[in-house]
Amino acid sequence: MIAKQTKDEIIIVGAGIGGLTLARALEKKGVNFQLYEQANSFEALGYGIQLSPNVVRVFEELGLLKQLEKVSHPCLGFELRSFKADNVLATWQLDSPTPYYQCRRADLHQILFNSLEDKSRTHFSQRLESYEQKEEHLCLHWENGNPITTKALVAADGVRSQVRRSLFPEYEAKYAGYAAYRAILPFQDKYSPLWGKTTVWMGKNHHVVVYPNGKDKDSTAWLNLVLVVKDKRWSQQGWTIRTDKDKVAKEFSNRSALLNDILKDMVASAEPCFKWGLFIHEPLPYWSKGNVTLLGDAAHPMLPFQAQGAAMAIEDAYLLVQCLDRANNIEKAFIDYQDARMQRTTKVQQVSRNNAGIFHAAGIKATVRNFVLAVVSMINPSLFNKKSAWIYDYDPTVDLEYL
Ligand SMILES: Cc1cc2nc3c(=O)[nH]c(=O)nc-3n(C[C@H](O)[C@H](O)[C@H](O)COP(=O)(O)OP(=O)(O)OC[C@H]3O[C@@H](n4cnc5c(N)ncnc54)[C@H](O)[C@@H]3O)c2cc1C
């Protein structure tokens, strides 16, 4: 492990899911690092998250599976329904021996942060403004505070990454034309048909994803709601932009008595509903330059329509540490990491984008989609698992073939 031998510190910018996973993986290997986050705490964390088997394997390897299990709800399968008619289009059970979990983002952050033995390495209220190369070192400049010199920088600072902007000013993240509304509700008995799975209503310009969060079907469980609408008007991006719940309920009301009930409950609930504009950019030509590299959404932002953005950030973090472990200098490790990750993440970005077309299909396209779903569902639903096997069955903890 190069950084361990030289006692160099790796600076991570951004304590999102990617940055925190990287911190945990580095600490486990005994590598020096410092983690800088612009926010002053982890408070506003945008509700639920789905964690597919490919990342649950990383949590197991990082020694965090039990903690994750405690706060998660296992998803056993998927149900796709028509937004317009509310009939079931397809339903299938997952077949992986590794669980697919659903939990609250806040819990996930807490698990990762609590796992760090030395919390003094995490610095809140530190916003990176810019950096400059000074011979072999990098000099990092902060909005408040003195510049810091480091040998290596990992930018895990999300879709609006400051570091990515410096490396690629021409790849500015652009509004993708979709707004996502997010809400949670205490889980009630009447939501029982939604227990144990992810349910998706798909329709022209709209789709809705609901899944339970929390371990038990009791007062500690929640129903997580993601409502996506195609919307040309530019939306802001951020976990804390509150929206008018009545307007959202009106926009998404449909034929389903259950969904309409959920929307009514959302309006009546004390919990806010947040609006999130979805931002992406084209795949970057590279992520690593000298002793700087990008990770997670900073490198490959994607539409959340395959629920893999955080998953890819977690895989990135785990494999980056494996590359640091094997290479004899940081530049080589960063290049190895990029080579190990770019193809897979670009493919997942593409699939997520394609799903937008499938979920929001209309007219003849929707008729064909519904027919195919019905036939596969009836004849061989395991084909749905086969289709996503390259994502879910992938095991980052054994995939070191590139290194
Ligand atoms: C509606 C929706 C649903 C989703 N559902 C899922 C899902 O179910 N499963 C899944 O895998 N993914 C999902 N995703 C995607 C997932 O949320 C993101 O891909 C993931 O959060 C990316 O993690 P990250 O650590 O790379 O970036 P972020 O989570 O964006 O973290 C970046 C961090 O860097 C900090 N930061 C930014 N700039 C600076 C700076 N200059 N200096 C210091 N700190 C800075 C930020 O404050 C933040 O804490 C969803 C996304 C959306 C929008």
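Helices H7 and H8 run roughly antiparallel to each other, because their angle falls in the class over 145 degrees. What you're looking at is a predicted model, where local features need pLDDT of at least 70, side-chain atom pairs count only at pLDDT 80 or more, and totals for chains, interfaces and linings use all residues. Residues are numbered from 1 along each chain as its sequence is written.

Back to that helix pair. H7 covers residues 245-252 and H8 covers residues 257-268; they pack at about 175 degrees with axes 9 Å apart. (Axes are lines fitted to C-alpha atoms, for helices over the stretch in contact, and angles run from 0 to 180 degrees between N-to-C directions. Helices, H or I with at least four residues, and strands, E with at least two, are DSSP runs numbered from the N terminus.) Lys-245, Asp-246, Ala-249 and Phe-252 of H7 meet Leu-263, Lys-264, Met-266 and Val-267 of H8, contact meaning C-beta atoms, placed from the backbone, within 7 Å.

Now for the sheet. Five strands form an open sheet in the order E8-E2-E1-E12-E18, with parallel pairing; a pair needs at least two DSSP bridges. E8 (122-123) and E18 (292-294) sit at the edges, each pairing on one side only. Further in, E1 (residues 10-13) and E2 (residues 33-36) share four bridges, and Ile-10 has Phe-33 as its bridge partner in E2.

Finally, the ligand. It is surrounded by 33 residues, the closest being Gly-14, Gly-16, Gly-158, Gly-296 and Gly-309; near means a C-beta atom, placed from the backbone, within 6 Å. Helix H9 gives the most to this shell, with four residues.

How values were computed:
Parallel < 35°, antiparallel > 145°, perpendicular 65-115°, else oblique. Contact = placed C-beta atoms within 7 Å.
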